[in-house]
Amino acid sequence: MRPPMRSPGRPEPSRAVQREFWRLIASGITSVQAAEGVGVSAPVGIRWFRHAGGRAPLSLDAPSGRYLSFAEREEIALLKAQDKGVREIARTIGRDPGTISRELRRNAATRGGKPVYRAVVAQWKAQQAAKRPKTAKLVGNDRLREYVQDRLAGDVRGPDGTIVPGPATPPWKGLNKPRRQDRRWSTAWSPEQIARRLRVDFPDDESMRISHEAIYQSLFIEGRGALKRELVTCLRTGRALREPRARSRNKPQGHVTADVVLSERPAEADDRAVPGHWEGDLIIGTGRSAIGTLVERSSRSTLLVHLPRLDGWGEEPYVKNGPSLGGYGAVAMNAALTQSMTKLPEQLRKTLTWDRGKELSGHAQFAMESGTQVFFADPHSPWQRPTNENTNGLLRQ
């Protein structure tokens, strides 16, 4: 994490203060509230959160005796010189045999091509390995970085070598989340697609490997310096920061009552073993066109719900609180969902998990007509409908 800016003469907050700050963030409160809780100013707390990409840059566990001390390494060296085995050394110093085995393998010195354990050398190696931040993989591998950047940016080439043109979008100013029309993701690859494709394009080159999580961190964390920050506009979500899940607590809304929240959904819907449990959402496209998506959790079968415009759309002036002519109001959505779901056998329409959109505010009527129980995910919690969210991203692209 890039160190926060400080006034001259003001001491830097201790790591214990920063740990407590990130514990409060993980509990679901805002950056300003967490900063007040640990006694630092609100701008400092916001800066910590943004520079770390919304992710805790240090372990939240307080330092403990989990790491070997120099005294323990000296004792290991003496016992090793006496030809004691790993398990005997572990019993003598009160450590796990796996800890001793890793220590001897990782931190031994090399003399004449053979590993020889020396306490001073082992301590130096351990301190070097513990240094943070480490050099990111994309910083030290130019070939890998160019491969990732080209595909994130959507610079896809056709069979003849020409670049496939993507949509013309305005430059991102680096503030907040880019609007959907300002993103370049229509021809871009997702980090997971890039990570998996590397194994296909470079099957014998182990240096051309990176996880999708490392790509995300290079985009979100400013101090990494590996990928261009503006490439977040190429992500399907356009999200420039990670958002702690605990912030999305179950807040009551008018059409969501206590009996239809996600925690009330049957347990059999969670493990995907039994078919008949669906996830759904409404996709709004260009020109306010709309389509409903339904994805079965077990088989991943997908139904697209047609939502045509109603008579008078685009002709009559807009009336506040008037009839929804776009085709995705509560009445139109109920009719379209009922028509799609009732075509299925009864055993394949047990539950439907939706987000908090008002388009399904008439869920009680839909449940009575279709025999499908409706449950609502927590606010701002797309991971509670993962299959549907992934399908929506592919459909949009």
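Two exercises on a predicted model follow, each with a worked solution.

Residues are numbered from 1 along each chain as its sequence is written, and side-chain values use heavy atoms, without hydrogens or water. Local features need pLDDT of at least 70, side-chain atom pairs count only at pLDDT 80 or more, and totals for chains, interfaces and linings use all residues.

**Exercise 1.** Determine which residues of helix α10 (residues 191–201) are buried and which are exposed.

Solution.
1. Helices are DSSP runs of H or I with at least four residues, numbered from the N terminus.
2. Buried means under 20% relative accessible area and exposed over 50%, with partly exposed in between (1.4 Å probe, protein chains only).
3. Pro191, Ile194, Ala195 and Leu198 are buried.
4. Down the axis of α10, these residues fall within an arc of 100°, so they line one face of the helix. The arc is taken from the directions from the helix axis to the C-beta atoms.
5. Arg196, Arg199 and Val200, on the other side of α10, are exposed.
6. The buried residues of α10 pack against α9 (142–152) and α11 (212–220), with contact meaning heavy atoms within 4.5 Å.

**Exercise 2.** Describe the largest nonpolar core and the elements that contribute to it.

Solution.
1. A nonpolar core is a set of buried Ala, Val, Leu, Ile, Met, Phe, Trp, Tyr and Cys residues joined through side-chain atoms within 4.5 Å.
2. The largest one has 22 residues; among those touching the most other members are Leu282, Leu337 and Trp354.
3. Two or more residues each come from β3 (277–284), β4 (290–296), α12 (330–341), β6 (351–354) and β7 (373–376); strands are DSSP runs of E with at least two residues.
4. α12 gives the largest share, 4 residues.
5. A second, separate core of 21 residues includes Leu144 and Ile215.
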